[in-house]
Structures are given as structure tokens and as C-alpha cells.
Amino acid sequence: MAALPLCVLMVAGCSGHAAQQTAQAAQPAQPEMKPAPATPIAEKKDELGQQSWDPQWDEIVERALSPEMLSTSAAREVRSYCPRFAALSDADKRAFWAYTLQALAGAEAGLKPTTDVRHTEPEVAVKDTVSKRMVRSEGLLQLTYMDATRYGCDFDWEHDKTLPEKDPAKTILQPRNNLLCGVKILQNQIITQRKPLLSPSSYWVTLRPATQSYVVFAKQMKNVPRVCREGTPPVEEAKRRRPGVGPAAAALSLATRGSTAAP
């Protein structure tokens with residue numbers, strides 16, 4: 001009888017260990033991630049000791065990517081910058097997207113999370129349907145409060161409206177919220193609408209090839225991960241460098257050579 005409590009304890013211990021193993025097995029495997037290279041503007045800011053791209057932002061982007069953004073459907077839409085996308089590992093695909101968001105943030109906001117701009121151009125100077133004020137583009141990816149309703153982004157106007165314009169506590173200026181929203185907008189363009197990364201109707205003017213703004217983005221894509229182009233045949237590379245004529249082709253050609261336009 002004296003041994004009974006020990007048996008009970010042993011059984012309880014085994015049961016607890018088994019439950020722990022089951023719980024661990026039930027947890028989804030964490031995806032493999034890689035840091036993205038630094039864009040030209042990030043390299044320059046690092047050189048000067050200025051606020052630059054935070055490597056933790058790579059992880060925010062990479063964890064937010066859906067399986068569709070790593071699929072062959074996405075591969076077709078990013079051929080201009082990553083012709084080998086379909087052949088890459090998932091980790092390399094995530095790094096490509098993290099780099100692309102970094103380049104977009106460099107072109108849109110100079111990598112400054114508190115950047116905001118009120119546009120005066122008639123085509124964009126409209127009233128924000130959430131704030132009821134004239135649209136102001138804000139944060140790393142220059143987004144608006146309307147995106148909370150259009151794309152399900154985590155921006156809280158009621159919380160933000162009492163804070164100073166560039167207060168980093170504003171939900172729209174917090175890098176995590178801004179980048180996660182950007183991933184949703186890109187997914188909508190590339191997967192839902194089946195449009196390429198470079199599209200005349202992209203949310204961002206910097207992704208519209210026939211614009212001067214695109215040239216700024218193209219410069220930031222100069223350091224795209226090498227695995228995107230490794231082994232590209234010389235003939236195919238030449239075609240890529242001279243994809244045609246016109247403003248869009250000229251801009252894309254600037255991207256491959258490395259534009260000298262100011263960021």
C-alpha cells in the first residue's frame with residue numbers, strides 16, 4: 001500500500017509528459033526565414049548612422065505572407081525582378097518579399113516610419129472615408145485610414161485622431177501595422193486581381209512603370225536577392241534588359257542598370 005502513491009505519481013508524471021508532447025506536436029512548424037539584403041537607401045543611412053530599415057521588419061513581412069504569395073501564381077507576377085521565384089525555397093521567396101517591401105518603403109517614405117504627406121493633386125486629393133478629412137498618406141508604405149475598411153488593416157482613427165501628427169504611437173505609423181497592411185494590399189493586387197507587381201493600376205504610384213516615381217522604386221530594387229537571377233541565361237538576361245520600347249520599358253531598363261535618381 002505504501003507504494004501506491006509512488007505508482008500514482010509515476011502514472012500522473014507519464015500522463016503529463018505525454019500531454020506535453022501532444023501539445024508540442026500540435027503546434028504548427030515555424031517557417032524558415034532569411035534576412036533580406038539592404039536596399040541602397042538603407043546602406044546609405046547605415047553609413048551615416050541614421051535611422052534605417054530594422055531587420056525585425058523583415059520578420060514581420062515574412063510571417064505575414066500567405067501560401068499564395070509563395071505560389072506559382074505569384075511567380076508569374078514577379079518575373080520582372082525575380083525570374084527564378086518558382087524555383088526558390090520558401091525561405092528565399094519570403095526574403096524576396098521582405099526586400100520588395102523594404103524597397104517600397106524606401107521609395108515611398110525614405111524608410112522613416114513617421115513620414116506623412118498630404119497630396120494636392122486632383123486625382124488623389126480626396127476625402128478619407130474614415131477620418132472624413134483630406135487624405136493623408138502615412139507611415140513606411142504611405143497608407144491611409146481608408147485602408148482599414150478596404151483591406152482590413154489595423155488602423156484605429158478614433159485612437160489616433162487626438163495624437164500629434166507624427167506621434168509614433170499612432171496605429172497607422174507603427175511599422176508592424178503599416179507593413180502588415182502593405183502585405184494585404186500586395187496580396188490583393190497579385191493574387192486576388194492577378195496583376196503583376198508592376199502594374200499601371202497598382203495602389204502605389206511607385207509600382208506604376210510609366211511614371212517617374214517608379215524610377216525611384218527601381219533604384220531601390222538594385223540589391224534584390226541574388227538567388228532571384230542565378231543561372232539566368234545571357235540571352236534571357238539581355239531580353240530582360242531590353243524588354244521593349246516606351247516609358248515603362250525605359251524605366252525597367254533603369255532598374256536593371258541601377259538608376260542614379262535621388263531617393
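**Aromatic pairs, disulfides and salt bridges**

Reply: W97 has a relative accessible area of 0%, so this tryptophan is buried. Keep in mind that the model is predicted.

What does W97 pair with? The search of the whole structure turns up 10 aromatic pairs. One of them joins F85 and W97: the ring centres are 6.2 Å apart and the planes meet at 75°, which makes the pair edge-to-face. The two residues come from distant parts of the chain. F85 sits in the loop between α4 (72-77) and α5 (90-109), while W97 is in helix α5 itself, 12 residues away. F85 is buried too, because its relative accessibility is 0%. The cut-off for buried is under 20%.

Y145 and F155 make another edge-to-face pair. Their centres are 6.5 Å apart, with 80° between the planes. This pair also links distant parts of the chain. Y145 is in the loop between β2 and α6, and F155 is in the loop between α6 and α7 (157-160), 10 residues apart. Both rings are covered. Y145 counts as buried because its relative accessibility is 3%. F155 has a relative accessible area of 9%, so F155 is buried as well.

There is also a cluster. Ring pairs link Y81, Y214 and F217. Y214 and F217 are among the buried residues of α9. That helix covers residues 212-220 and is mostly covered, with 7 of its 9 residues buried. The buried set includes V215, V216 and A218, but also K219 and Q220.

Now the covalent links. How many disulfides does the structure hold? There are 2. One joins C82 to C228, with 2.2 Å from S to S. The angle about this S-S bond is -85°, and the link is left-handed. C82 counts as buried because its relative accessibility is 0%. C228 counts as buried for that reason too: its relative accessibility is 0%.

The other disulfide is formed by C153 and C181, with their sulfur atoms 2.0 Å apart. Here the angle about the S-S bond is 70°, and the link is right-handed. C153 is in the loop between α6 and α7, and C181 is in helix α8, 28 residues away. C153 and C181 are buried. Counting bonded cysteines along the chain, the pattern is 1-4, 2-3.

Next, the charged pairs. The structure holds 10 salt bridges. One of them brings D92 and K34 together, with the closest N and O atoms 2.8 Å apart. D92 is in helix α5, and K34 is in the loop between α1 (4-26) and α2 (40-48), 58 residues apart. The two ends differ in cover. D92 is buried because its relative accessible area is 13%. K34 is partly exposed, because its relative accessibility is 32%.

K44 and E47 form a salt bridge with the closest N and O atoms 3.9 Å apart. Both are in helix α2, 3 residues apart, about one turn of the helix. Why does that spacing work? In an α-helix there are 3.6 residues a turn, so residues three or four places apart point the same way. K44 is partly exposed at 47% relative accessible area. E47 is exposed at 63%.

R136 bridges to E165, with the closest N and O atoms 3.4 Å apart. R136 is in strand β2 and E165 is in the loop between α7 and α8 (175-192), so this bridge ties together parts that are 29 residues apart in sequence. E165 is partly exposed, because its relative accessible area is 40%. The bridge belongs to a network of salt bridges that links D116, R136, E165 and K166.

Last, two backbone points. Most residues other than glycine have a negative phi. K132 has a phi near 65°, a positive value. K132 is in the loop between β1 (116-118) and β2 (136-138). It counts as exposed, because its relative accessibility is 56%. Q142 has a positive phi too, near 55°. Q142 is in the loop between β2 and α6 (147-151). Is Q142 buried or exposed? Its relative accessible area is 6%, so Q142 is buried.

Notes:
Residues numbered from 1 in each chain as written. Predicted model: local features only at pLDDT ≥ 70, side-chain atom pairs only at ≥ 80, totals over all residues. Heavy atoms only, no water. Helix = DSSP H or I, 4+ residues; strand = E, 2+ residues; numbered from the N terminus. Buried < 20%, exposed > 50% of the residue type's maximum accessible area, 1.4 Å probe, protein only. Phe/Tyr/Trp six-rings, centres within 6.5 Å; stacked < 30°, edge-to-face > 60°. Salt bridge = Lys/Arg side-chain N within 4 Å of Asp/Glu carboxyl O. Disulfide = S-S within 2.5 Å.
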